[in-house]
Amino acid sequence: MIDKKEIAQILDEIGTILEIQGDNPFKCRAYHNAARVVSSLTKDLASLIESDELKTIKGIGDALSEKIKELYKTGRLKYYEDLKKSIPKGLFDILRIQGLGPKRVKILYDKLKISTIDQLKIAAEEHKLSGLDGFGEKIEDKILEGIKSLYKNIDRHLYPKALDSANRIKSTLIKCKKVHNCEIAGSLRRRKEIIGDIDILVGSKPSDAKSIMDIFIKHPDVEKVTAKGDTKSTVILKSGINCDLRVVTDKEYPYALVYFTGSKEHNVEMRSLAKKFGLSLNEYGFSTLNGSENKKDKKLKITSKNESDIYQKLGLQYIPPELRENTGEIEFASRNALPLLINEKDIRGTFHCHTTYSDGMNSIEEMANAAKELGWEYIGIADHSKAAAYANGLSENDVIKQINEIEKLNKRFNNFRIITGTEVDILPDGSLDWNAKILERFDYVIASIHSKFSMTESEATRRTIKALKNKYVTMLGHPTGRLLLERDGYPINMNQVIDAASEYGKIIEINSHPQRLDLDWRMCKYAKEKSVKICINPDAHNIDGLYDVQYGVGVARKGWLSKTDVINTLPLKSIEKYLKLK
DNA sequence: GCCGTTTTCGGCCCGACTGTTTTCAGTCG
């Protein structure tokens with residue numbers, strides 16, 4: 001069965017083919033836009049088609065709705081297959097090269113019959129491109145550079161790595177007195193799991209822009225300067241990440257911050273909204289749309305001190321960066337109905353921590369002390385069960401020993417508690433790795449899959465749902481299968497799992513290794529819809545691992561979760577009902 | 001191809017930088 005992701009990919013490809021063919025740019029945009037809309041749907045596609053609701057979704061009209069139906073029902077689309085025949089497959093690879101868009105790709109193909117990256121590389125090396133319309137020596141060089149970068153996979157970086165690189169640049173910039181404001185913008189500020197490049201914004205006096213640019217391009221982390229202007233420069237960092245710096249005036253700063261935080265789609269929507277107010281919005285401010293030729297008239301005296309002011313002028317609640325993806329946030333903000341998102345400081349403890357009893361690096365006591373240092377009120381220890389041999393799973397005797405040790409430690413604490421849990425393996429048949437007699441002894445039970453990763457989606461889903469039915473299970477561990485960092489994990493039908501969690505009253509864990517793209521935050525959104533509680537767990541294997549809750553918090557914010565949706569923001573007393581505290 | 005609180009037709013976000021030009025097109029975000 002074809003899924004949303006595949007349909008979105010096909011719609012996106014159609015948009016790209018139409019671009020290369022030089023079709024109406026707005027038509028191309030309609031396809032790209034529809035691809036985004038489809039991939040971010042939280043509702044089930046089957047039910048949308050059955051109830052004929054597709055057309056009611058913004059961005060999908062008669063034509064696209066029919067095409068999506070055809071794709072869903074037959075797994076194919078004639079229009080797409082015909083289009084695909086008109087264009088060699090390799091052109092899509094070529095489009096991924098920096099500096100090459102649909103127009104130049106078309107020229108390369110029409111004039112030199114170039115349809116693969118290898119052909120392009122040879123042609124550029126032999127200087128065969130220079131003669132073409134709009135091509136010169138510099139573009140040849142740029143293309144060769146672009147091919148190199150592509151092979152280095154330069155445009156995909158994990159959030160923590162990109163954040164670290166960005167903070168290093170930011171900390172240098174803010175030391176400069178000429179820098180009045182400085183913020184990391186772009187997808188990093190929106191806490192995307194995968195980051196394309198780093199955007200940094202600075203507010204200063206216009207006359208200082210140049211010297212700030214110099215500080216930036218001379219930063220020790222900079223490997224290469226790819227573009228340098230008075231207000232914008234681009235570099236490649238030694239970490240392999242592209243980094244942009246924009247310098248604007250202090251007055252422009254709030255507008256620029258909204259603009260460069262994006263997303264692109266959010267900005268487009270904001271500008272459309274501004275038009276309804278008779279305003280034009282860009283990165284420098286508002287201007288009127290009355291078409292006056294007099295430039296003095298065009299300059300409006302609308303000043304905004306900060307981002308909130310800008311949103312307010314458009315009749316909107318402040319929208320936190322994590323929500324700025326044009327997936328309904330603007331409409332919610334217009335009704336003053338955005339959720340109050342969870343923050344890092346709201347976390348009062350976590351439940352998925354390993355110790356030296358299984359595959360952790362720190363003792364129970366060390367983990368507990370580290371949790372106390374973080375200001376938490378509790379920490380749940382959940383070591384592996386016996387089937388997890390690779391992770392040194394506990395024996396039944398170990399369990400008893402561990403429970404006794406925790407009891408002893410707890411006597412020494414005031415206002416802090418270690419809670420006794422387990423991370424029990426869900427076996428291939430969906431049963432649990434501990435028998436009822438053992439399970440009874442824990443305050444809570446996390447059930448997770450750690451084996452047979454080659455299973456199909458329906459198999460993994462069945463296995464998970466069966467485990468959720470078990471009365472001893474408190475929460476589902478790393479449901480998106482992200483545990484195995486170096487592997488892909490397993491496929492799962494998240495909506496069905498959430499439905500089951502809702503039916504059986506179970507909690508879903510999100511934890512936070514930023515590996516499975518947007519699966520987790522979409523899961524959060526659907527869980528919220530279904531009133532399924534979420535627990536943000538770090539799956540910590542040492543005391544440093546506890547900090548990983550911050551990524552979980554990021555995912556939860558992107559999934560629109562507020563404090564009431566996340567159980568580990570509650571004091572211990574209030575979550576007793578979710579556990580079986582003894 | 002989508003969309004509509006001036007619209008069922010005529011709009012569709014907008015500016016910086018680059019490299020190619022000699023006033024601008026392409027690309028990017």
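**Stop 1: around DNA strand B.** Select the 40 residues around DNA strand B; Gly61, Gly101, Arg104, Gly136 and Gly229 come nearest. A residue counts as near a molecule or strand when its C-beta atom, placed from the backbone, lies within 6 Å of it. Now colour by element. Those giving two or more residues to this surface are α2 (25-39), α4 (62-74), α7 (102-112), α9 (137-151), β5 (222-228), α14 (264-276) and β8 (279-282). Elements are DSSP runs numbered from the N terminus: helices are H or I with at least four residues, strands are E with at least two. Which element gives the largest share of the surface near DNA strand B? Pick α14, with 5 residues. By class, this surface has 11 nonpolar, 14 polar and 15 charged residues. Here Ala, Val, Leu, Ile, Met, Phe, Trp, Tyr, Cys and Pro are nonpolar, Asp, Glu, Lys and Arg are charged, and the others, Gly among them, are polar.

A note before moving on: this is a predicted model, in which local features need pLDDT of at least 70 and side-chain atom pairs count only at pLDDT 80 or more, while totals for chains, interfaces and linings use all residues. Residues are numbered from 1 along each chain as its sequence is written, and chains are lettered from A and ligands numbered from 1 in the order in which they are written.

**Stop 2: α1 on α2.** Select helix α1 (residues 4-20) together with α2. They pack at an angle of about 170°, with axes 8 Å apart. Axes are lines fitted to C-alpha atoms, for helices over the stretch in contact, and angles run from 0 to 180 degrees between N-to-C directions. That angle makes α1 roughly antiparallel to α2 (over 145 degrees). Show the contact residues, including Leu11 and Leu18 of α1 and Tyr31 and Val38 of α2. Contact means C-beta atoms, placed from the backbone, within 7 Å. The α1 contact with α2 has 10 nonpolar, 3 polar and 5 charged residues.

**Stop 3: a hairpin.** Go to β8 and strand β9 (residues 285-288). They pair antiparallel over 4 bridges; pairing requires at least two DSSP bridges. The hairpin joins β8 to β9 through 2 residues. Click Leu279: its bridge partner in β9 is Thr288.

**Stop 4: the open sheet.** Select 7 strands, in the order β10-β11-β12-β13-β14-β15-β16; they pair in parallel. The edge strands, β10 (349-353) and β16 (534-536), each pair on one side only. Finish on β11 (residues 378-384) and β12 (residues 417-425), parallel and joined by 7 bridges. His384 has Glu423 as its bridge partner in β12.

Notes
Parallel < 35°, antiparallel > 145°, perpendicular 65-115°, else oblique. Contact = placed C-beta atoms within 7 Å.
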